[in-house]
Amino acid sequence: MQLKKLLWNILQLMVVLVLFYYVVSPLVKNAKAFREIFLSLNFLFLAGGVIFLSLVIFCYPFVWRYILKGFGVEIQPSMAVISWIYSNIGKYMPGKIWQFVGRVALTKDVIPEITLTTVFLEVIISSSSAVTVFFARFFLKGGLPQLWAVYALILFAVLLLLQHPVVLRFFLRIFAKIRKKNYDLSKVRIPLKRNLLVFLWYFTLWIATGVSFWIMIQGSNIKISLFDSVTTYPISWILGYLALVAPAGFGVRESVLMTLLKTSYPVEVASAFSLLTRIALIFTDFLLFFITMLVLGNPLVGNKGEDIK
């Protein structure tokens, strides 16, 4: 068992290193361009973009809290922030479960099956909106292959199906069966129409995320258009999230983003922008983590949420 875990960790490390080499190699091969590009970053725009990105990410706990309300559960805003911000750091650990486990552990007063299902729904709806932002790129600029359009429709159909109340209740029962619990789920309300509003919120947040990265590069030699910044990052996030061997999508996200951008920009610029998005996101995640700790205290303190009885 330990050997299997060791081999899995080695595989993860190898994949991340290979993908990061793909992203970083253009800058390494042209060290002069690397220095010129990153030294050209304007501190005021960089700081402004980070602040804006922090505000965008800070909205996510409140969207998740709204999703919880659809399941008949209401927790305090402060506890939603604590649970979401602290568990979000779990994505940087090997494996994909720590973000989910952390959310369950920190949302103590809510049935674990409810928490897991809302996190699942959060991922599904945010992915749906991210795909929409990406394909809007082709609908606005043209050039969308017919086969891709078919894939998009199939993907949307699957994502919509996964959001249906019947499917979500099925997952609730599965989670409960795994934990050998018998809950009365008759009080669980999962109104499908709420998902549309959540979808619009995530759609707006994806656009705002792209805007924040675009603000960071203003006044620098990283010349990426606002349109490309907004429409390429979401799909790179999804593919990075789905990559089981890459913690927090390390390497995968940057590779996808650079591949999309280098068709329109110099490879050094595409590489620098991809790395900047990663550095900015890590900094922002931990900045919010420490601010939450200072303002709201110990994350292990129980919440005041109302459980479904």
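This is a predicted model: local features need pLDDT of at least 70, side-chain atom pairs count only at pLDDT 80 or more; totals for chains, interfaces and linings use all residues.
**Entry: the surface around Leu294**

I placed Leu294 in helix H12, which covers residues 267–296. I then looked for what accompanies Leu294 on the surface, and found a nonpolar patch formed by Phe283, Leu287, Ile291, Leu294, Val295 and Leu296, which together have about 590 Å² of accessible area.

**Entry: salt bridges**

I asked next how many salt bridges the structure holds, and the count comes to four. As background, I wrote down that side chains of opposite charge can pair when their charged atoms come close.

I began with Arg65, which forms a salt bridge with Glu74, where the closest N and O atoms are 3.4 Å apart. Glu74 also forms a salt bridge with Lys69, and here the closest N and O atoms are 3.9 Å apart.

Arg65 is buried, because its relative accessible area of 15% falls under the 20% limit. Lys69 is partly exposed, with a relative accessible area of 30%, and Glu74 likewise counts as partly exposed, at 39% relative accessibility.

I then turned to Glu122 and Arg103, whose side chains meet in a salt bridge at 3.1 Å, N to O. Glu122 lies in helix H6 (residues 112–141) and Arg103 in helix H5 (residues 98–106), so this pair ties together parts that are 19 residues apart in sequence. Both Glu122 and Arg103 are buried.

**Entry: helix H3**

How many residues does helix H3 have, and how far does H3 reach? I found 28 residues (43–70) and a reach of 42 Å from the first C-alpha to the last, which is close to the 40 Å expected at 1.5 Å a residue.

I looked at both ends of this helix. At the start of H3, a side-chain oxygen of Asn42 reaches to within 2.9 Å of the backbone nitrogen of Leu44, while just after H3, Gly72 takes a positive phi of about 80 degrees.

Within H3 I also looked up Ile51, which is exposed, with a relative accessible area of 54%. Ile51 and Met216 are 165 residues apart in sequence, yet I found their C-alpha atoms 9.9 Å apart in space.

**Entry: aromatic rings**

A search of the whole structure gave me 12 aromatic pairs. I followed up Phe199 and Phe203, whose ring centres are 6.4 Å apart and whose planes are at 20 degrees, so the pair is stacked.

I then asked where this pair sits, and found that Phe199 and Phe203 are four residues apart in helix H9 (residues 192–216), which means that they are separated by about one helical turn. Phe199 counts as buried at 17% relative accessibility, whereas Phe203 counts as partly exposed at 24%.

Finally, I asked which residues form one aromatic cluster, and recorded Trp206, Phe213, Tyr233, Trp237 and Phe273 as its members.

Terms used
Residues are numbered from 1 along each chain as its sequence is written. Side-chain values use heavy atoms; hydrogens and water are left out. Patches are made of residues with over 30% relative accessible area and no salt bridge: like charges are joined within 9 Å, nonpolar side chains (Val, Leu, Ile, Met, Phe, Trp, Tyr) within 5 Å. Accessible areas come from the Shrake-Rupley method with a 1.4 Å probe; for residues, only the protein chains shown count as cover. Helices (H or I, at least four residues) and strands (E, at least two) are DSSP runs, numbered from the N terminus. Buried means under 20% relative accessible area, exposed over 50%, partly exposed in between (1.4 Å probe, protein chains only). The expected span of a helix is 1.5 Å times one less than its number of residues. A polar contact is a pair of N or O atoms within 3.5 Å; within protein, one must be able to donate a hydrogen and the other to accept it, and residues adjacent in sequence count only if both atoms are side-chain atoms. Rings of Phe, Tyr and Trp (its six-membered ring) pair if their centres lie within 6.5 Å; planes under 30 degrees apart count as stacked, over 60 as edge-to-face and the rest as tilted.
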